[in-house]
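User: I am new to this structure and would like a close look at one part of it. Please take the surroundings of the ligand and describe them step by step.

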Amino acid sequence: MKESTQKNPSPKIGLIVDDDPSIRLTLRATLLKNGYQTLEAANGIEALEIFDSQDPDFVLLDVMMPKMGGFETCEKLRQRKNGRFVPIVFMTGLDDTESVRKAYEVGATDFVSKPINLQLFAYRVEFVLRATQVAGELRESESRVRNAQKIAKLGHIEWDQNLNVIHCSIGVKDIVQLCKEASISDISTFLDWVHPNDRDAAEKAIRDSITAKDTHVMEYRIVRESGEVRHVVQIGDTESLKSSGQSTVITLQDVTERKETEKKIHTLAFYDELTGLPNRTLLIDHMNKFLESAVRYKRKVVVMALGIDNFKQISDTLDNEALNVLVKSIANRINSCVRRSDLLSRKTPIFDSSVAETDANTTAKLRNDEYIVVLPEVESLESAQIFVHRLSDKLSDPFRINDANIYITASVGVSTFPEDGGDANELIKNSEVAMGFARQSGTGKHRFFKQSHNKEITRTFSLQQDLRKTLDVGDLLVHYQPRYCIKEKRVIGVEALLRWNHFEYGYIPPGEFVGIAEDSGIIGSLCEFVIDTSCDDIEVLNKKLQEDLTVGINLSSRQFQEPRGSLRVVEALQRSRLTLDKVVLELTEGTIIENFAAGMKDMIRFREMGCNLAIDDFGTGYSSLAYLGRLPFDILKIDKSFIDHIETHSEYKSIVKGIIQLGHSIGMTVVAEGVESIGQKEILETEGCDEIQGYLIGKALPLSDLEKLIVDTRDDNSNSLDDDVRMFGS
Ligand code: C2E
Ligand code: CA
Ligand code: CA
């Protein structure tokens, strides 16, 4: 057994009991940082064993655990001699009031809710330990009233009712701040020191305590001569009140510091430390009141989630102090847009803990800045629109930080009650979903929540799951879109385009799933599949038809960010039976420009292996013509959006003409994409374009249909293409 807590200055030991190793890890880090030592257990049985052998100073208990859960563990701990008074803090799910109730029932000292706010958590532990210490001290004092004043901030009053004289211990004089010699001669002189508003109650409590058999505890304020207010707890129990003759003993304790800690904890629990704005917990509390009255008066409530765009990038350029200044000014400006009846709250921010762990001196870096604004009882959605305009107006002026101008924008998602949710949590969640969609469409945008957003998220999520399996299942296919040489009047190559025939959603366009594959880091695997399949297919087709078709394969910039990204492409190409001079790798301008130096090395490597390189979607991206000459590219594919308008808009026609000339001047083959009409084809032919690709020639087709198309166009005489618009595939 260790020494009693008060005498032992060595670090307190906390036992963390949770089956989730990641939670144990973060709590351990937090406790160590705050000067505690830790022990860990993954379930109740382990916890009891460790408790018996190591005698920790406090216990953090998860509710749900295998083998033995938190409630049972707590009960068992309380049955132990050294576990009767040990502080036990439960970790419960947010809003899980049932668990909180149950926890107190089985003897919990306190609880924290998950996800755990680590800053608040450290305060909580400190407070619980201190409160336990005070309680321990009081327990001791119960049996030794006469020694009570030795314990800090305790004093006692002996009251002889017959003579109406009282004797105050030094402790009482300390609390009231009277010098030793001064005397408080009778009870009314003592009561003079009690705050006027508390005086009657205090006097009544003292008189009652004489007759009472029960322990009584009462709290009141003492006003010192200086005007300073102290909070005291007056404790009387049967033992201390046992009258010896007509004399009664009342114990007083100065609890001002504890009250202040409590207040601080309250502030921390309900307000954002940096901006002083209410946090989510307080917001939800207020919102629910708003919703009740909105139901009564049949009004709408508008909830807006507001996130500062690119905050991470901004925070990278500032130190923590400057960042705090910026956030405070942002909060101020937002605050100036809300009316007094509106609610504004700041979301508990995410900190980048990796920074904190590598260097003990630097504190964690702020990584997001998000707010919720609630407009109660509005007539229509117009109020939201007005707010958003006011806000973007307010935010448009630069923020002056460290002598530099910082420009910020905010994305806003809007949900409304009752349409988009029945309670505060749902409304907030949906406004955040809408904010996510606003972000996707750029910066400084706002979006109203739609039920379809949730469906879309569900669909995206299930597609993510399915996409991982799909390579094994075989519902991914490669189709081939023909590329037609104008001069030779025949198909000379194809572009490999992915198709996903999903078992539930049917055909899903690559526009949807390529993005998901990129986000979930499996675009590299998809690309491997396309290279393997298409090289094989085209090799077989070339042999069969005695052709020399090339195959275009799309590469995504994101796959080069995956580990071994370019190496996987190289390896797949090395496996190919099709000679690599028949392979065209298609990259967009963005891919090339984004990682120019690294990209260049890869491009040269592919080139050395014998592949051809094409710039895809030319004109949509950076269109940096200056770069073009320096790149090892053979083919330039003009984006469909230009071709779409060459028949109707002369400026598009001249742009396309310019691109063709430019491409030729640096020795590139120029391909026009998305050619749908004979008119377009004729213009392109006149301007000297080399090849065309598009529905006019054919859509992306399964291999067998492609074979048929090639045979047909070969057999047809060259005029036939000009006579009718050929449509293959679906
Ligand atoms: P992209 O590389 O620009 O491919 C051309 C897209 O335009 C294809 O759409 C094609 O079917 C379509 N298209 C061709 N001619 C016409 C036309 O005359 N009219 C119209 N309206 N559309 C035409 P698809 O197959 O839906 O592919 C869309 C995009 O998905 C591709 O754009 C490409 O960026 C990406 N993608 C497709 N397969 C792959 C792949 O294997 N890997 C990667 N990384 N991306 C792929
Ligand atoms: Ca392409
Ligand atoms: Ca393209």
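Analyst: The shell around ligand 1 has 19 residues, and those that come nearest are Gln 481, Arg 499, Asp 616, Glu 676 and Tyr 695. The model is a predicted one, and the distances below are computed from it.

In Arg 499, a polar side-chain atom is placed 2.9 Å from an oxygen atom of ligand 1. Glu 676 also uses its side chain: an N or O atom there is 2.5 Å from a nitrogen atom of ligand 1. With Tyr 695 the backbone is involved, as one of its polar backbone atoms lies 2.7 Å from an oxygen atom of ligand 1. Ligand 1 taken alone exposes 800 Å², and 78% of that is buried by the protein.

The space that ligand 1 takes up is the second largest pocket. Turning to the elements around the ligand, β21 (490–502), α18 (510–519) and β25 (612–618) each contribute at least two residues to the shell. Of the elements, β21 gives the most, with four residues.

By residue type, the shell around ligand 1 is made up of seven nonpolar, five polar and seven charged residues. Among the residues that come nearest to ligand 1 are Arg 499 and Glu 676, whose side chains have the contacts of 2.9 Å and 2.5 Å described above.

Note on methods: Residues are numbered from 1 along each chain as its sequence is written. Chains are lettered from A and ligands numbered from 1 in the order in which they are written. This is a predicted model: local features need pLDDT of at least 70, side-chain atom pairs count only at pLDDT 80 or more; totals for chains, interfaces and linings use all residues. Side-chain values use heavy atoms; hydrogens and water are left out. A residue is near a molecule or strand if one of its heavy atoms lies within 4 Å of it. A polar contact is a pair of N or O atoms within 3.5 Å; within protein, one must be able to donate a hydrogen and the other to accept it, and residues adjacent in sequence count only if both atoms are side-chain atoms. Accessible areas come from the Shrake-Rupley method with a 1.4 Å probe; for residues, only the protein chains shown count as cover. On a 1 Å grid over the protein atoms alone, a cavity is a set of points where a 1.4 Å probe fits but cannot get out, and a pocket is an open set with protein on both sides within 12 Å along at least five of seven lines; lining residues have an atom within 4 Å of a point. A molecule sits in a cavity or pocket if more than half of its atoms lie within 2 Å of its grid points. Ala, Val, Leu, Ile, Met, Phe, Trp, Tyr, Cys and Pro count as nonpolar, Asp, Glu, Lys and Arg as charged, and the others, Gly among them, as polar.
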